Structure formats: C-alpha cells, structure tokens
Amino acid sequence: MLEGIVRESIDKRSTKALRKDGYLIANIYAKGIENINAAFKVNDFIKAVKAKSGLKFDVSVGGKTYNVVVVDYQKHPVTSILKHVDLKVVLPDVESKYLVPVIPVGTPAGIKNKGVLLQSKKRLKVKCKGKDLPDSFKVDVSPLDIDDTILVRDIKAPQNVRIIDAGRVAVLGVVKAK
C-alpha cells in the first residue's frame with residue numbers, strides 16, 4: 001500500500017520544499033468527502049501505479065486508507081518529472097464518472113494487407129458505482145480489415161456501467177499504410 005502524508009500548508013513555499021525533498025503533490029477528492037491535500041514520495045508512487053493490477057489501488061494518508069483511481073497528472077514540460085496528481089476516491093455505492101482504458105486484443109486481419117492499427121481513443125468515459133467499475137475494456141480487433149473501425153457503440157459495457165462517450169466516435173481502426 002502507498003503511504004503518504006497530509007500537507008498542513010498548501011502555499012507555494014511549502015510545495016517547493018516538498019518537491020525538493022522528492023515528494024509528489026497530490027489532491028484526493030470524492031463526492032461527499034472533504035478534499036485532502038497530500039504528498040507521496042515520487043518513486044514510491046510510480047512503483048505503486050506500475051504494480052497495480054487493476055484501475056483502483058489503495059493509498060494511506062493521515063491514518064486512513066482510501067481506494068483511489070488516477071484522474072489526472074501533471075509533468076514538468078522539460079524533464080518529464082511528475083509534479084502533481086489528482087486522485088479520486090472510489091466509493092462503492094456512489095455513482096460517479098471514471099475514465100476506463102481500452103485494450104486491443106489480437107492481431108487485425110488488415111495487418112497482412114499492409115494496414116496499421118490506430119487507436120484513436122485510449123480511454124472511455126463511463127458512469128457507474130464504484131463497486132461496478134471495470135478495470136478495462138478488452139476489444140477483439142482480429143476481424144478488422146483495412147478501413148474497418150470499431151465505434152464506441154460497438155463496445156459492450158458490463159452490467160450497471162454506462163458509456164458516456166458519443167456512440168459515433170471511432171475507438172479503433174485499421175488504415176492502409178502510406
């Protein structure tokens with residue numbers, strides 16, 4: 001489990017001091033919960049995110065444990081070092097919006113005909129309760145030939161999960177290589 005600290009002061013000077021000490025600034029929030037200003041060791045956070053098996057993972061801040069998902073993050077424009085992360089608490093019985101990754105499975109038939117698989121949407125916006133949140137959408141791309149696409153409406157969501165993105169939006173497709 002990822003251990004973090006609660007930030008008492010959120011001014012610029014203390015934020016700079018924490019970053020200099022190797023901390024990642026974080027904001028933890030959810031519907032009905034007061035925002036928590038936290039900080040995690042950058043390397044520990046990266047290890048925890050890479051080691052997680054699903055979309056959700058546990059963090060411990062101020063003696064309390066939260067089940068969270070990464071909503072957004074900011075990197076330094078030159079060095080690409082993580083500077084800030086937004087974490088959303090997954091509440092089991094509260095309906096909320098999440099971004100769920102799309103994972104293509106298989107090799108498209110169009111690859112043999114000199115085609116290239118393009119993934120235009122990496123994540124789909126869904127609305128569901130925390131207990132119903134899927135880890136990912138696995139999409140079989142093996143029947144795709146050149147100029148074939150899979151739209152949002154072609155992806156089947158699990159029970160009690162509603163995809164919010166427009167149904168006409170392309171998610172995956174095979175195009176002819178130039």
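The chain is divided into domain 1 (2-90) and domain 2 (96-176). The structure is a predicted model.

**Domains and annotations**

- An unreviewed UniProt entry carries the annotation "domain: Large ribosomal subunit protein bL25 L25", which covers residues 2-87.
- Residues 2-87 are 22% helix and 52% strand, and the C-alpha atoms at the ends of this span lie 13 Å apart.
- The annotation "domain: Large ribosomal subunit protein bL25 beta", also from an unreviewed UniProt entry, covers residues 99-177.
- Residues 99-177 are 0% helix and 44% strand, and here the end C-alpha atoms are 30 Å apart.

**Contact between the domains**

- The C-alpha centres of domain 1 and domain 2 are 29 Å apart.
- Nine residues from domain 1 and eleven residues from domain 2 take part in the contact.
- Together, domain 1 and domain 2 bury about 710 Å² between them, and 56% of this area is on carbon and sulfur atoms.
- The number of salt bridges between domain 1 and domain 2 is zero.

**Nonpolar cores**

- In soluble globular proteins, nonpolar side chains tend to be buried together.
- The largest nonpolar core in this model has 22 residues, and Leu124, Val126, Leu133 and Ile155 have the most contacts inside it.
- Strand 7, strand 9 (123-129), strand 10 (137-140) and strand 13 (170-176) are the elements that give two or more residues to this core.
- Both domains contribute to this core, with at least three residues drawn from each of domain 1 (2-90) and domain 2 (96-176).
- A second, separate core has 19 residues, including Ala26, Ile28, Ala30 and Val68.
- Val126, a member of the largest core, is in contact with Ser96, Lys97, Tyr98, Val100, Leu133, Phe137, Val161, Arg162, Ile163 and Ile164, when neighbours within four places in sequence are left aside.

- Not counting residues up to four places away in sequence, Ile28 touches Glu34, Asn35, Ile36, Ala38, Phe40, Val59, Val61, Val68, Leu87 and Val89.
- One of these contacts, Val68, is also included with Ile28 in the second core.
- With neighbours within four places in sequence left aside, Asn27 is in contact with Asn35, Ile36, Asn37, His84, Val85, Asp86 and Leu87.
- Ile28 and Ala39 are eleven residues apart along the chain, and their C-alpha atoms are separated by 9.9 Å.

**A loop residue**

- Thr107 is placed in the loop between strand 7 (95-105) and strand 8 (115-119).
- The relative accessible area of Thr107 is 59%, so this residue is exposed, the cut-off being over 50%.
- Leaving aside neighbours within four places in sequence, Thr107 is in contact with Val141 and Ser142.
- Thr107 and Lys97 are ten residues apart along the chain, and the separation of their C-alpha atoms is 31 Å.

Notes. Residues numbered from 1 in each chain as written. Predicted model: local features only at pLDDT ≥ 70, side-chain atom pairs only at ≥ 80, totals over all residues. Heavy atoms only, no water. Contact = heavy atoms within 4.5 Å. Helix = DSSP H or I, 4+ residues; strand = E, 2+ residues; numbered from the N terminus. Buried < 20%, exposed > 50% of the residue type's maximum accessible area, 1.4 Å probe, protein only. UniProt positions renumbered as here; feature names shortened; annotations may be inferred. Core = buried A, V, L, I, M, F, W, Y, C linked by side-chain atoms within 4.5 Å. Domains from an automatic or database assignment. Buried area = accessible area lost by both parts, 1.4 Å probe. Salt bridge = Lys/Arg side-chain N within 4 Å of Asp/Glu carboxyl O.
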